[in-house]
Amino acid sequence: MWKCSTSSCGQKQQRQQFDPVTTTHRTQSHGHNNRNNNIQRRQHSLPTICSIAFFVLIAVSQMQSVTGLREGLSGNMQSCANEGEEIQIKDIPNSKCFKCTCQNGFVKCDKSCPSVDDCFLLESKSSDNCCRKCKGCMHRGVMYASGAEWSDPEDPCKTYKCIASVVTESTQKCYSQCDDNQLTPPRPGECCPTCQGCKINGQTVAEGQEVVASIDDRCLVCQCSGNKLSCAKKTCPILQCPKSKQKQNPNECCPRCSGAREFRSVTGKCIFNTNLHYDKIEFMPDRCTNCTCLNGTSICQRATCPILECAPEFQEDDGCCPRCIVAEVRSECSLNGITYMNNETWNMGPCRSCRCSAGNIRCSEMRCPPIKCRANEEMKIPPGECCPKCLETAGTCTVFGDPHFKTFDGKFFSFQGSCKYLLAADCHGHNFSIRLTNDGRGTRRSSWPKTVTLKLRGLRINLGQKLRVKINGTRVTLPYTDFSSNGHGHGHNVSIERLPEGGIMLRTELGLTIEWDGNNFLQVSVPAQYKHHLCGLCGNYNGSGRDDLTGRDGRLHDDTEVGHFANSWKVGGPKSCSRTRENVVAQPTCNKHKTNFYCQPLHESDVFGNCDNRLNPNNYIASCSMDVCECPTGTCHCDSFAAYAHECRRLGVQLPDWRAATKCPPGSWRRNATLETFAGNSNYGDPTYARFAKGGGSASKARRRKQQLQLQRRQQNELQENEYIKKHVPNKFLRPRAPDRTPPPIH
């Protein structure tokens, strides 16, 4: 630390420390006596000067660059289960400063602070504050935050704006495009008259919408309030940063600072650019601006330039503001070969409209406010509108593999029933229903989606294995379209087409879509208008996954009662089941090394384009581990890979050729695979777990080991079945078992 004492603070040291900062003060010359008094005052004030130099040294050391402005959380991302819900994390410092939610299986935390990237005078960081703050302004005894704007109570045309301890005082200039008979005088507290009706150049301005009255002068802004349009021009605020640090963004009126710096407070002094000004000292940052340092705030006056009716090519610089050069006044305008008469207006799209004014084309442009969409929203521009809006994304329900379900609200569960079930339906308007038929494929406790059936306004569409499609029982070829009417004023408007990456896509006029790969992957998407209207295995689509396991009777089940929940949505009779007796409660005993081998690619980030930074793969790893335990084709792990890749693609991740990397071709129903198919692939795990199956070691040991495993599995399954029966089957349906008796002796 640099130290300063009254005996060691020489002129050279002071000049070195003040070199980046220029101080200004009043100078007086009243003769020799005054000079002697000044020398004495300087000697007595030397400690004060050293103290000021100390503060300035700290300020200068912080001004050059500021690091750590975007404080955030670092470390490993935490997994979560309840998609979209806010999560409280108590183990992180300043947790109150962050808002954490569950997004795509990860806890994502954001610090909701206003941007300070263009603040050239940051307040020093405080331990009790969550956000960095730009230095505010003191004006007439009132403290204002940086960015605040207010009017003079005695003169509403005089406006003030605070930017980083600098207050800019200016007088706004009014502008109107309507006739005098449509003008309404300003009310008390208002500066400018208003035009009846919110239209400019024939284009309607929405309530609260701002529009730039002329793209040649973007500081001239109109706003609609109460079906009245008022237009005014204000001067740009004075900036703390020098000209070399200012930037002008496209389509903006005023420049911004292109960096941020931190400062240490210097009581009663004003920091402006790289200068330190004493209280009540006047200074001029440029020839058009006058400033005064008052209570640590620079109060600056700058005149507002007049509103010009001429085009930029007919303007010239006139000191601080441009002025119009005398030019020929014409009565028509020409644009792209089209001639427009004086005062004629036309639209150039939803954002821009133009007017011919004395031979000059003046175009106005809508100003879109910045918006930030939530996790379940996407930014879109509605048809015919100018500005983007946050629209809720469509709800998606995914079914894949040995069926694993991800509901509309992000709830994951697995259910291996082999019957027909109501997957999703509009339980309020009854506009559609989707049924899913599962097939056990000869296994004891596994199953896979077999067919998907959509019922829509008298239309029955069946999507089957190997991409077979039937409409009302008749097989059709693709692409298929149906725009016929059902006789009740509603059309079907259904189209079915093949996708370039394989599979088919069914689209309806309701906004409902179904994607089907012809094997076992299924994804249903519904627009947000069906929120709170759905029921079935895909959940109720109400924004919360906690109540997605609600049965047909309205009862909410926990994660241990998935079977009871799913069976409540069973439709059809016993003939719709591929097994006469369901055994889904007993989970298969699986070799851990086997699951590690087949599911290893989901742990390899490069295989799926580092998607694990966006989407948590844990649910897909668990699904893969379950599927490989009882797999009739040898490629069941590919189902989890495909589902994970599909969701990554939906999130915008650019995927490499993961199928080639994992040897999982599309349409795995076309061929079976063995261990040797994947054993030589470096993306998979260690294949030596199957040494017994390949004949390595004694055959008798392998048989004994296999028999022991079978016995353990039977005992475990019987135990689980008995526990399930005791829990879910009433005692009145159980036949009492006779007590064990010792047989009589043989004589």
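The legends below describe several close-up views of a predicted model.

Residues are numbered from 1 along each chain as its sequence is written, and side-chain values use heavy atoms, with hydrogens and water left out. Because this is a predicted model, local features need pLDDT of at least 70 and side-chain atom pairs count only at pLDDT 80 or more, while totals for chains, interfaces and linings use all residues.

**View 1. An open sheet of 6 strands with mixed pairing.**
The strands of this open sheet follow the order S7-S8-S9-S24-S23-S22; strands here are DSSP runs of E with at least two residues, helices are runs of H or I with at least four, and both are numbered from the N terminus. Two strands are said to pair if DSSP finds at least two bridges between them. Strand S7 (149–151) and strand S22 (282–286) are the edge strands, each pairing on one side only. From one strand to the next the twist averages 25°, where axes are lines fitted to C-alpha atoms (for helices over the stretch in contact) and angles run from 0 to 180 degrees between N-to-C directions. Strand S7 runs antiparallel to strand S8 (residues 158–163), the two being joined by 3 bridges, and Ser151 has Thr159 in S8 as its bridge partner.

Strand S3 (residues 99–103) pairs with S4 over 5 bridges in the antiparallel sense, and Lys99 stands opposite Asp110 in S4. Asn82 belongs to the loop between helix H3 (46–63) and S2, and its relative accessibility of 23% makes it partly exposed (buried means under 20% relative accessible area, exposed over 50%, and partly exposed in between, with a 1.4 Å probe and protein chains only). Although Asn82 and Cys102 are 20 residues apart along the chain, their C-alpha atoms are separated by 6.4 Å. Leaving out residues up to four places away in sequence, Asn82 touches Cys102 and Arg546, a contact being heavy atoms within 4.5 Å.

**View 2**
Strand S44 (residues 494–498) and strand S45 (residues 504–507) run antiparallel and are joined by 4 bridges, with Arg498 paired to Ile504 in S45. Their hairpin has 5 residues between the strands, and Gly502 in the turn has a positive phi of about 105°. Strand S45 is also joined by 4 bridges to strand S46 (residues 513–516), again running antiparallel, and the bridge partner of Met505 in S46 is Glu515. In this hairpin, which has 5 residues between the strands, Gly511 takes a positive phi near 90°.

**View 2. The largest nonpolar core and a second, separate one.**
A nonpolar core is a set of buried Ala, Val, Leu, Ile, Met, Phe, Trp, Tyr and Cys residues joined through side-chain atoms within 4.5 Å. The largest has 50 residues, and Leu423, Phe432 and Ile461 have the most contacts inside it. Strand S37 (residues 420–426) supplies the largest share of this core, 5 residues. Not counting residues up to four places away in sequence, Ile461 touches several residues, including Val452, Leu454, Val469, Val494 and Leu506. A second, separate core of 29 residues includes Leu602, Phe641, Ala643 and Phe678.

A search of the whole structure finds 29 disulfides, each a pair of cysteine sulfur atoms within 2.5 Å. Cys599 is joined to Cys624 with an S to S distance of 2.1 Å, and the torsion about this S-S bond is about -100°, so the disulfide is left-handed. Cys599 lies in helix H5 (residues 592–599) and Cys624 in helix H6 (residues 618–627), so the pair ties together parts that are 25 residues apart in sequence. Cys599 is buried at 2% relative accessibility, and Cys624 is buried at 0%. The sulfur atoms of Cys611 and Cys648 are 2.0 Å apart in their disulfide, and both of these residues, Cys611 and Cys648, are buried. Cys241 and Cys257 form a disulfide with their sulfur atoms 2.1 Å apart, and its torsion of about -95° about the S-S bond makes it left-handed.
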